[in-house]
Amino acid sequence: MLSVNEPTAQRPILAVDVAIIGGGPAGLMVAEVLSAQGFAVHVFDSMPSVGRKFLLAGRGGLNLTHAEPTALFVSRFRERAKAVGVWLQHWGAEQVRAWAQGLGVETFVGTSGRVFPAEMKAAPLLRAWLQRLRHAPTPVQFHMRHRWVDGVFGGSEGLLFESPQGGVRVQARASVMALGGGSWSRLGSDGAWVPRLQAQGVHVAPLLPANCGFDVVGRSGQGWTEFFAHKFAGQPLKTVALQWLDAAGHSHARQGEFVATATGVEGSLIYSAAKDLREVLLRDGAAGFHLDLLPDRSLDFVQAAVAHPKGTRSLSSHLKSRLGLAGIKTALLYELLDTATLNHPALLAQAIKALPVALRQTRPLDEAISSAGGVALEALDPGLMLKACPGVFCAGEMLDWEAPTGGYLLTASLASGAWAAQGVAEWLRKTPAQKEVDEP
């Protein structure tokens, strides 16, 4: 077996048009666009198979994209809306649905506007995609269990991969980094690429959790009590509303649901506020939100119901009878409010409509659905080529942008791949093909 420490001259050499490092949605989209144009494309991935995070995302029903108006869709990317909007104008939500249909997968729009495959599964779509790539007129070649470990960008040594057969050196006319962010490292997105790009003079913003959960600060100054964590972890809080402030002090509100965890909170409603809450936490060391447990009831209604004489009934029975509050919602009041507030009808009513929940920290990056940070867009030219490394392009979640859940992340990852592929094609057309390299 060859070792990555063996002299360069002793390693096998593979000369290709395009080397794509990373077999997620962005990398596969680059491969599709370029192979269709006749380029010899090779995909290298450290895992035994491609698209592992894509398959995990599809376990609960793959959310492909969103059917909302384009301007609103683009605005979801916030400070990166202008840059991401360029990619989406070229390959957006409509193209995602047409692409899926071309693979034999019909889609439908859910009541929330989210777009799903008719079968609600990712595996059939991925299988059809790989079948098309492998049997294209210029077939895409896949190299599994090939981990990128070194390589001088643009240098004669090319890229070095560690594989079960030993060290493999690849000389490519162009290479595409589509290595993902830093979440779910067991699926391949481990962020190990960060120091390697930084060593090449590429500015990389720190990888941070996005669409993540948070640990709470309970009444005691710690997290949930042992009782609450044991009895209610995993239970949803349905039909509630969140109100929070972003780092600029602007107020936001959204209705939905989320889940209590053993240490805090997570779920779709929390993810919608995660970026703002994370930024406040990083700046101030603390953050929080207010929770409306009865968003369909006015404060006046709640005040009147709470103030109604309860007789011999317990407070829990009173709240259930007058307001329908029960289970985890009532438990949360007992968890976060002191006895004086619970026994004061006006203060209790205000808490039901705006219960303060303090946060201590985000959950670890590896648990997050996605990550923020990555290769600064300012480090790339308009075609997503690294300014510091001619012939090296980047795509997907490893770029410094983030998106909420709802199909935005997948759509923009695919779009960045399609856009980077056009940049690669232009580069290859103006760059002479390298001479054949004889293997030793």
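Leaving aside its neighbours within four places in sequence, which residues is Thr107 in contact with? They are Leu64, Arg97, Ala100, Val115, Phe116, Pro117 and Ala118, where contact means heavy atoms within 4.5 Å.

## Basis of the model

This is a predicted model, in which local features need pLDDT of at least 70 and side-chain atom pairs count only at pLDDT 80 or more, while totals for chains, interfaces and linings use all residues. Residues are numbered from 1 along each chain as its sequence is written, and side-chain values use heavy atoms, with hydrogens and water left out.

## Thr107 and its sheet

Thr107 is placed in strand E4. Helices (H or I, at least four residues) and strands (E, at least two) are DSSP runs, numbered from the N terminus. With a relative accessible area of 17%, Thr107 is buried; buried means under 20% relative accessible area, exposed over 50%, and partly exposed in between, with a 1.4 Å probe and protein chains only. The side chains of Thr107 and Arg97 are joined by a polar contact of 2.9 Å. A polar contact is a pair of N or O atoms within 3.5 Å; within protein, one must be able to donate a hydrogen and the other to accept it, and residues adjacent in sequence count only if both atoms are side-chain atoms.

Strand E4 belongs to an open sheet of three strands, ordered E3-E5-E4 with antiparallel pairing. Strand E3 (65–66) and strand E4 (107–109) are at the edges with a single partner strand each, so one side of each has no neighbour in the sheet. Two strands pair if DSSP finds at least two bridges between them. Three bridges link E4 and strand E5 (residues 114–117) in the antiparallel sense, and Val109 has Val115 in E5 as its bridge partner.

## Asn63

Asn63 is found in the loop between helix H2 (52–57) and E3. The residue is buried, with a relative accessible area of 15%. Its side chain reaches the backbone oxygen of Thr65 at 3.0 Å, and the side chain of Asn63 also reaches the backbone nitrogen of Gly407 at 3.0 Å.

Leaving aside neighbours within four places in sequence, Asn63 is in contact with Arg114, Val115, Phe116, Gly406, Gly407 and Leu410.

## Strands E10 and E17

Strand E17 (residues 370–375) is mostly covered, with six of its six residues buried. Strand E10 (residues 204–210) pairs with E17 in the antiparallel sense over five bridges. The bridge partner of Leu208 in E17 is Ala372.

## The second largest pocket

The second largest pocket holds about 810 Å³ of space. On a 1 Å grid over the protein atoms alone, a pocket is an open set of points where a 1.4 Å probe fits, with protein on both sides within 12 Å along at least five of seven lines; lining residues have an atom within 4 Å of a point. Grid points are joined across faces, edges and corners, and a volume is the space filled by probe spheres set on the points.

The lining of this pocket consists of 39 residues, of which Arg76, Arg78, Tyr271, Ser272 and Pro404 lie nearest its centre. The elements giving two or more residues to the lining are E10, strand E13 (251–260), helix H9 (268–284) and E17. H9 supplies the largest share, eight residues.

## Cysteines

The structure has zero disulfides, a disulfide being a pair of cysteine sulfur atoms within 2.5 Å. For Cys389, the nearest cysteine sulfur is that of Cys394, 8.2 Å away. Cys389 is buried, with a relative accessible area of 2%. Cys212 also counts as buried, at 2% relative accessibility.
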